[in-house]
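Trainee: I would like to learn how to read a model of this kind, feature by feature. Please give the general idea where there is one, then the case at hand.

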Amino acid sequence: MAYVAIADRDHDIEHHDPTTFITKYIWSQDHKVIAIQYSITAIFVGLVALVLSGMMRLQLGFPDSFSFITPNNYYQFITMHGMIMVIFLLTALFLGGFGNYLIPLMIGARDMVFPYMNMLSYWVYLVSVIVLLTSFFVPGGPTGAGWTLYPPQAILPGTPGTDWGIVLMLGSLALFIVAFTMGGLNYVTTILQARARGMTMMRLPLSLWGIFMATVLGLLAFPALFVSAVMMMLDKALGTSFFMPAIVSMGEQLDYDGGSPILFQHLFWFFGHPEVYIVALPAFGLVSDLLSTHARKNIFGYRMMVWAILAIGGLSFVVWAHHMYVSGMNPYFGFFFATTTLIIAVPTAIKVYNWVLTLWQGNIHLTVPMLFAIAFIFTFTHGGLTGIFLGNVVVDLPLSDTYFVVAHFHMVMGVSPILVVFGSIYHWYPKITGRMLNETLGKVHFWGTLLGTYAIYLPMHYLGFLGVPRRYYAMGNTEFMPESAFVLNQSITISALIVAGFQLIFLYNLISSLRNGEKAGPNPWRATTLEWQTPDTPPKHGNWGHTLPEVHRWAYDYSVPGYPDDFIPQNVPADPSIPAYDQGSHGPDHGTSS
Amino acid sequence: MTFALVFLAVIMATVIGWLLRQSLNTQPWQADDPLENRPGRGVIAVEPAKIALLSFIAVATSLFALFLSAYLMRMKMADWSPLTEPKLLWLNTGLLVLASIAFQLTRSAATRGQLPTVKTGLIAGGVCTTLFLLGQLVAWQQLNAGGYFMTGNPANAFFYVLTALHGMHLLGGMWVWGRTTARVLAGADARSVRLSVELCTVYWHYLLLVWIVLFALLLST
Amino acid sequence: MPIAVVLILLVVGSLVFHFLSPWTFTPIASNWGMIDTTVDITFVVTGIVFVAINLFMAYAIIRYRHREGLTAKYEPENKKLEVWLTVLTTIGVAAMLTPGLFVWAKFVTVPAGATEIEVVGQQWRWSYRLPGRDGEFGSVDAKLIDPENPFGIDPGDPNGRDDVLIDDAIVHIPLGEPVRFWLRSKDVLHNFTVAQFRVKMDLVPGMVSYMWLEPTKVGEYEVLCEELCGIAHHAMRGRVIVDEPEDYQAWVDSQSTFAEIQARPPGDAALGAASYAVCAACHGAQGEGQLALNAPKLSGQDSRYLKKQLRNYKLGIRGTHEEDVYGRQMQPMAATLVNDAMIDNVVAYILSLPDTPAPATISGDIVHGAKLYVLCANCHGKDGQGIQMNAPRQAGMSDWYLLSQLKNFKQGVRGEHPYDLHGKQMGFMARTLHDEQAMRDVIAYINTL
């Protein structure tokens with residue numbers, strides 16, 4: 001019995017619409033509802049983490065002025081801020097939120113392949129978030145080991161939250177990994193098996209390529225975090241010595257012996273570096289689609305973009321130890337990892353060029369999503385280039401563990417992906433809710449966010465050059481540090497608070513536009529991809545009414561010569577009266593393959 | 001980490017290789033390319049559940065490979081002192097092989113629609129697996145009685161962790177087995193459980209392979 | 001349109017900021033100028049790319065912004081251009097990587113004959129060990145570490161006997177000679193960093209890491225810990241003093257070896273009793289302390305702490321700040337103890353005195369104090385009993401003295417001397433108590449311990 005693709009047997013599959021409020025909105029198996037649940041939860045914890053960063057900035061800008069920020073609290077705040085932002089906000093939002101919403105719609109499917117598992121994924125994620133937040137209320141509070149949770153310090157006195165905090169953190173991560181794996185298996189299988197007729201892999205919008213590759217990375221990389229979490233939990237709870245060598249802690253001999261803290265770091269970064277791309281690749285994909293749609297031009301070098309995503313994904317597994325140049329590991333590893341790290345700069349640079357070249361000779365509509373996309377190119381270029389400093393092993397020597405690192409990674413995997421998140425929300429909100437977000441508020445939000453964050457992070461790099469170490473509760477009196485550095489720190493704090501304030505405008509816009517937003521048509525941006533071609537807006541359960549769409553072209557047919565409109569949706573068949581675009585007549589390298 | 005890297009390289013190479021094959025020799029901007037628009041083009045001709053299982057196996061492989069990497073790295077430290085594996089493990093290995101064989105037989109029976117064989121096969125597989133798991137527990141007790149405590153030495157700790165992890169994967173499989181067996185006993189048609197049986201079979205073979213690798217590593221070090 | 005203008009302004013602004021910024025590398029004091037050169041190369045290459053990409057983007061936005069009648073060009077790809085860009089990028093990357101790898105090769109190979117120094121980290125202090133005359137470090141084991149043997153040196157290893165031990169956060173190194181730092185930790189990860197030297201490396205418990213450099217400028221440099229090591233991470237400071245080689249040798253000769261320290265006779269309480277007569281005038285015959293004379297209780301205090309403070313007074317590290325009225329009174333008294341043996345003796349005598357808890361004179365909100373004390377407990381112990389290898393006892397000592405010292409630390413009257421690095425650490429901590437009431441609360445809690 002030959003296997004028939006899902007799209008080809010759509011009519012034989014029974015579809016049940018949920019009827020009660022609970023099955024529709026709470027225990028929902030609809031990918032769109034799950035996506036919204038994921039997004040709301042992620043944005044909520046993200047706001048918690050934002051507040052934490054505000055408190056940290058208060059302490060750094062105005063040391064010893066706030067009695068509620070002790071060193072204990074401070075280190076708890078940085079730990080929770082980092083972990084929440086990286087895992088519970090960005091990973092969950094890009095894959096659980098955007099991934100869930102866009103995958104079935106963009107490939108022309110009715111839902112994920114395993115809707116029940118998809119629902120389970122969200123609920124386990126919710127539990128992991130609750131477990132994480134519970135640690136604020138247990139004796140000793142959350143762990144203050146830094147988001148990298150390096151042993152031995154993560155489980156020894158001298159660090160806050162070594163009783164309960166670290167246990168809850170590790171437990172919460174383990175749950176998150178389970179949730180992610182359930183979601184991830186779904187995303188991969190759905191993209192591979194549920195694509196509509198004619199939707200080949202090479203016709204997928206780049207958003208999905210980014211999400212797909214990020215999911216693959218996540219599935220393979222999260223086990224490393226799981227392994228290290230399990231082993232650390234055993235070291236903590238049962239007293240094994242996986243990571244714990246012989247230690248004299250606070251004048252007391254401990255029972256550990258022989259373990260290797262470096263082993264943990266290898267495992268952690270084996271997950272931790274791909275994690276950067278788990279966040280970055282979806283952002284790369286989404287921003288490509290934003291740029292193309294709003295510049296009314298095909299994405300430049302689509303195949304190159306796909307290959308770059310594959311190359312980055314593959315290489316991301318062999319660069320992890322560039323986080324460990326000064327960790328005390330065998331220094332000869334430095335040669336290998338510096339080389340691989342700088343090689344990864346090449347495909348990344350190609351992506352940047354192609355984004356800019358997409359704008360070139362375009363017809364650029366400076367809508368709010370487009371502004372965010374352009375700002376992304378700016379901040380990502382900045383953050384990517386400073387990454388070359390840190391990846392080059394000797395340059396890392398003076399800069400490692402300073403504010404340069406903090407500025408770099410916030411620029412490249414904080415600000416940049418968040419700008420894409422904003423742009424994407426402005427872009428897809430009309431599809432999700434049926435209404436537009438307010439444009440004026442959007443622009444105010446945009447300018448505040450872009451200028452404010454740059455005012456935070458550009459100067460921060462220079463604090464790093466000066467030698468200000470990261471993860472310092474207070475700089476105190478340090479001889480080589482001029483008074484002006486403290487003034488700079490204050491200005492950074494003020495910028496940070498202003499940026500945080502601008503996010504309130506965004507939240508207000510999100511909520512008020514639900515009621516008051518201008519009604520959007522099915523395709524307000526005149527975009528080609530399938531999600532804009534649904535019969536209903538917002539799409540109903542099952543997405544496509546009676547018949548699934550059939551795909552006839554790639555996702556980037558903007559301003560095709562000879563057509564009256566400047567866009568042709570993917571489900572529109574070719575018009576035989578108009579000659580097809582011939583690559584050969586536009587370049588000297590006539591040929592069908594590369 | 002070399003161990004984990006090799007495994008991941010193989011997995012990544014497979015994924016990327018397949019994806020590249022999708023992209024080379026295509027001109028994505030061609031609309032209604034007759035090559036592209038055939039039904040099911042690009043979709044792998046197997047059930048989604050199997051794709052999901054294979055993906056999960058990739059995840060589990062990554063997990064075990066990383067644990068083994070950690071094992072090999074930790075082994076180099078001075079305080080490592082290998083434990084003597086209980087002879088019982090050989091018997092357990094035999095049980096797991098039997099379970100695998102039982103599933104393989106069930107699978108062919110299910111494809112042919114032979115309900116009685118499916119029933120016996122499933123039950124035999126389940127019984128062997130349960131015995132294997134119990135056997136592992138007994139092996140733990142023997143080790144404990146022999147003074148090989150978890151905290152005594154990293155070699156002991158790794159033994160308990162790796163066997164526990166493997167056992168938990170089997171337990172996960174037993175859940176699917178339980179549902180399938182219940183359906184069969186409730187009178188389901190052999191063909192209707194074919195997919196579940198196939199998934200179980202693949203999973204059991206995989207876990208047998210994992211066990212053999214683990215066991216070989218534990219014995220040799 | 002405004003976005004294009006802003007992009008241009010941001011690029012120009014970044015360049016202006018870069019060239020005008022007073023915040024840049026500290027003046028270099030080691031041979032690692034090559035690192036600065038590599039940084040400069042990286043700056044040039046990445047700077048050009050940054051400016052080029054963003055200005056090109058701004059130009060594209062200006063030129064191709066939407067106007068009536070404008071249509072975008074349909075151009076799926078341009079292989080020639082993409083190949084060119086790839087090649088150019090690869091060249092740029094290689095230009096940055098290659099010098100970097102050469103410098104790294106220098107960093108990983110230590111020149112033969114380098115002066116060797118071992119840095120030992122612990123929460124939250126530095127100490128150092130030199131191999132001594134035989135040029136070989138004695139073997140160490142964390143299991144041997146105790147207050148009498150803080151370095152964990154194996155007493156059976158003859159190589160260890162002449163190892164020079166510096167149980168203080170200040171170390172000297174010779175100018176113009178390569179110095180190899182061996183790095184070791186007793187508890188958690190630390191990182192030994194001197195900004196002016198450019199290089200840094202983690203200290204990892206259970207193993208020994210290394211780095212090397214050649215100091216090029218005589219001077220004193222602050223050591224920072226740059227790997228998160230717990231709540232006093234920011235307060236873990238040390239000092240490296242670069243000396244002319246002869247000054248360095250003189251300094252080494254003035255330090256004690258492991259064998260000398262082991263052989264040093266324990267303090268003689270009987271001899272110390274005579275010296276204590278001077279102390280008794282203020283601190284009381286039983287070392288019980290006298291509030292009226294501002295002399296704190298001594299009996300029952302940790303002996304290492306007492307010795308350290310006596311030496312600090314003698315050397316002018318403590319009791320020299322002009323606002324430290326009582327410290328200035330103490331300084332000449334400490335000077336009457338002319339050598340280390342006398343200090344050992346008098347401390348031995350103080351230890352022999354009966355330890356009756358000092359009466360409580362300070363009250364406050366104990367519940368609030370208990371919350372604040374969580375931080376203190378890390379070094380001073382959960383019961384305020386003090387931790388010998390870390391910080392002195394507080395419980396049962398003169399509470400009014402704790403208050404006056406907390407104030408001194410907070411205001412920089414104590415702990416600001418460049419050589420009082422543990423005092424500096426306490427200064428950081430005292431500043432987390434926001435007002436006098438908070439200090440009273442925490443002391444009231446200590447009184448309950």
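Mentor: Chain C has 13 helices and 10 strands, where helices (H or I, at least four residues) and strands (E, at least two) are DSSP runs numbered from the N terminus. This is a predicted model, in which local features need pLDDT of at least 70 and side-chain atom pairs count only at pLDDT 80 or more, while totals for chains, interfaces and linings use all residues. Residues are numbered from 1 along each chain as its sequence is written, and chains are lettered from A and ligands numbered from 1 in the order in which they are written.

Trainee: Is chain C compact or spread out?

Mentor: The radius of gyration is taken over C-alpha atoms, and the globule rule is 2.2 Å times the number of residues to the power 0.38. For chain C the radius is 29 Å, well over the 22 Å that the rule gives for 449 residues, so chain C is more spread out than a compact globule. Its C-alpha atoms fill a box of roughly 100 × 55 × 40 Å along the principal axes. Buried residues make up 47% of the 449; buried means that 20 or more other C-beta atoms, placed from the backbone, lie within 10 Å of the residue's own.

Trainee: How should I read the sheet of chain C?

Mentor: Strands of a sheet pair through backbone hydrogen bonds, either parallel or antiparallel. Here two strands count as paired if DSSP finds at least two bridges between them. In chain C, five strands form an open sheet of mixed pairing in the order 4-10-9-6-7. Strand 4 (170-174) and strand 7 of chain C are at the edges with a single partner strand each, so one side of each has no neighbour in the sheet. From one strand to the next the twist averages 25°.

Trainee: Which strand pairs with strand 7 of chain C, and over how many bridges?

Mentor: Strand 6 (residues 190-193) of chain C does, in the antiparallel sense, over four bridges. Within this pair, Thr193(C) has Lys200(C) of strand 7 as its bridge partner.

Trainee: And chain A?

Mentor: Chain A has 14 helices and two strands. Its radius of gyration is 25 Å, close to the 25 Å from the globule rule for 594 residues, so chain A is as compact as a globular protein of that length. Of those 594 residues, 68% count as buried.

Trainee: How is a helix pair described?

Mentor: Two packed helices are described by the angle between their axes and the distance between the axes. In chain A, the axes of helix 7 (residues 261-294) and helix 8 (residues 302-315) come within 11 Å and cross at roughly 175°. Axes are lines fitted to C-alpha atoms over the stretch in contact, with angles from 0 to 180 degrees between N-to-C directions. That makes helix 7 of chain A roughly antiparallel to helix 8 of chain A, a label for angles over 145 degrees. Residues making the contact include Tyr277(A) and Phe284(A) of helix 7 and Met305(A) and Ile309(A) of helix 8.

Trainee: How many residues of chain C are in contact with chain A?

Mentor: 95 residues of chain C are in contact with 109 residues of chain A, contact meaning C-beta atoms, placed from the backbone, within 7 Å. Helix 3 of chain C gives the most to the side of chain C that touches chain A, with 16 residues.

Note on methods: Contact = placed C-beta atoms within 7 Å. Buried ≥ 20, exposed ≤ 12 C-beta atoms within 10 Å, placed from the backbone. Parallel < 35°, antiparallel > 145°, perpendicular 65-115°, else oblique.
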